[in-house]
Amino acid sequence: MVRADGRVDRVLDGPTSTVWIDPWVKLLDELGVKMHGASPVTAIDCDGHRITGVTIEGSTGPQHVTADHYVVALPKERLEELGTPALLLAEPRLAGLPELKVSWMNGAMYYLDRDVELVDGHVLFVDSQWALTAISQAQFWPDIDLRNYGDGRVEGILSVDISDWERPGGQGLPPAKNCTKKQIEAEVWRQLADHIDDGSLQQSNVLRVFLDPAIQFPNPTATTNLEPLLINTAGSWQHRPEAVTTIPNLFLAADFVQTATDLATMEAANEAARRAVNGILKATGSTKEPCEIWPPREPAILTPFRRLDRIRWQLGRQVARPPVEIDLNGELHPTGPLSRGLFTLLNRFG
């Protein structure tokens, strides 16, 4: 945002499976990779020093898979479940996984009879009850004809992220995690339409809604989320392992790994995977060129603040409060004398 040639973000130029997953799977298949689809890992066997095999649940029952090296690309909560005393003994840093926090951030897709572009990018509904963000997809998919999908009626797709599942909704609704599927679908649309007040979002324009199937509703237990999002919190770095573990044939490629990206994103997982590949190249004595790893570019204007934060961290000081805080109504409030002075000036001359 602060570079002349910068971009706030980038998006895929088509549906994820069409332009990313399917071509990647096809390439792996052509390279001779044997894939076990829909076969969850149920055990990672370790002799206290090396990984000796992995058990997967296949269509015909449990299957033991062995390899020279193992790359774990699982969410932290799944790897946490697979931890055994032998595994934790061989790599003690995995014992910190329970300290890492996760939260709910799942999406809903609204398929529209008539496309509504909204804006050329993402929309942040900063004061919506459920912290919504959205993007109108069709405008970024120039080579995709939506009429070739489903019954051919869909002309637009509004993709929405629901980031706050703990806060009550509007009109007396409970938090999203305590609502039914129909309530979530209706309330998300209401919050969107409440902010886009030009009449472009009409309920009659919605053909169907697809809520992330990772949200599992009561039957008979409480609503659960099969795919929570890792949240980077102050002090969590020490609980995150490196991509190259102390187990000589085990490597990690996931967003919870220590990376320069340092945020639970696909970019962080990608960086972790590069580090894992480089670890395998080194372990095997390969002469192949290692994967390039580059640190994220950060605005120079924020350098003094980053240095101050690092000094405070090295001194063991508490994490400094941000100069401003945002309340539940989306309003900014100063937290110290400097920010209060700035607010006073802004209110006087703004």
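This is a conversation about a predicted model of one protein chain.

Trainee: What should I know before I start reading numbers off this model?

Mentor: The model is predicted, so local features need pLDDT of at least 70 and side-chain atom pairs count only at pLDDT 80 or more, while totals for chains, interfaces and linings use all residues. Residues are numbered from 1 along each chain as its sequence is written, and side-chain values use heavy atoms, with hydrogens and water left out.

Trainee: Ok, how many helices and strands does the protein chain have?

Mentor: The protein chain has seven helices and 16 strands, where helices (H or I, at least four residues) and strands (E, at least two) are DSSP runs numbered from the N terminus. The C-alpha trace spans about 65 × 60 × 45 Å along its principal axes.

Trainee: And what share of the residues counts as buried?

Mentor: Of the 350 residues, 31% count as buried, and buried here means under 20% relative accessible area, with exposed over 50% and partly exposed in between (1.4 Å probe, protein chains only).

Trainee: Switching to salt bridges, how many are there?

Mentor: The count comes to 12 salt bridges, each being a side-chain nitrogen of Lys or Arg within 4 Å of a carboxyl oxygen of Asp or Glu. One of them joins Arg 93 to Glu 242, with the closest N and O atoms 3.3 Å apart. That pair links distant parts of the chain, 149 residues apart, since Arg 93 is in the loop between helix 3 (85-90) and strand 5 (101-103), and Glu 242 is in the loop between strand 13 (229-231) and strand 14.

Trainee: Which residues are in a network with Arg 93 and Glu 242?

Mentor: Glu 91 is linked with Arg 93 and Glu 242 in a network of salt bridges. Arg 93 counts as partly exposed at 28% relative accessibility, and Glu 242 is also partly exposed, with a relative accessible area of 40%.

Trainee: What about Lys 181 and Glu 185, how do their side chains meet?

Mentor: They meet in a salt bridge of 2.6 Å, N to O, and because the two residues are four apart in helix 4, they are separated by about one helical turn. Lys 181 is partly exposed at 35% relative accessible area, whereas Glu 185 is buried at 9%.

Trainee: I also clicked on Lys 177; which ring does its charged end sit over?

Mentor: The charged end of Lys 177 sits over the ring of Trp 104, 4.7 Å from its centre; the rule asks for NZ of Lys or CZ of Arg within 6 Å of the ring centre and within 35 degrees of the ring normal. Lys 177 also forms a salt bridge with Glu 166, whose closest N and O atoms are 3.1 Å apart. Glu 166 is exposed, with a relative accessible area of 54%, while Lys 177 counts as partly exposed at 22%.

Trainee: How many aromatic pairs are there?

Mentor: The count is two aromatic pairs, where rings of Phe, Tyr and Trp (its six-membered ring) pair if their centres lie within 6.5 Å, with planes under 30 degrees apart called stacked, over 60 edge-to-face and the rest tilted. The rings of Tyr 110 and Trp 189 have centres 5.3 Å apart and planes at 40 degrees, so this pair is tilted. Tyr 110 lies in strand 6 (residues 106-112) and Trp 189 in helix 4 (residues 181-195), so the pair ties together parts that are 79 residues apart in sequence.

Trainee: Are Tyr 110 and Trp 189 buried or exposed?

Mentor: Tyr 110 is buried, with a relative accessible area of 1%, and Trp 189 is buried at 4%.

Trainee: Now backbone angles: where does Ala 131 lie, and what is its phi?

Mentor: Ala 131 has a positive phi near 50 degrees, in a residue other than glycine, and lies in the loop between strand 7 (122-124) and strand 8 (132-136). Asp 262 is not a glycine either, and has a positive phi of about 55 degrees; Asp 262 lies in the loop between strand 14 (250-252) and helix 5 (266-283). For background, most residues other than glycine have a negative phi.
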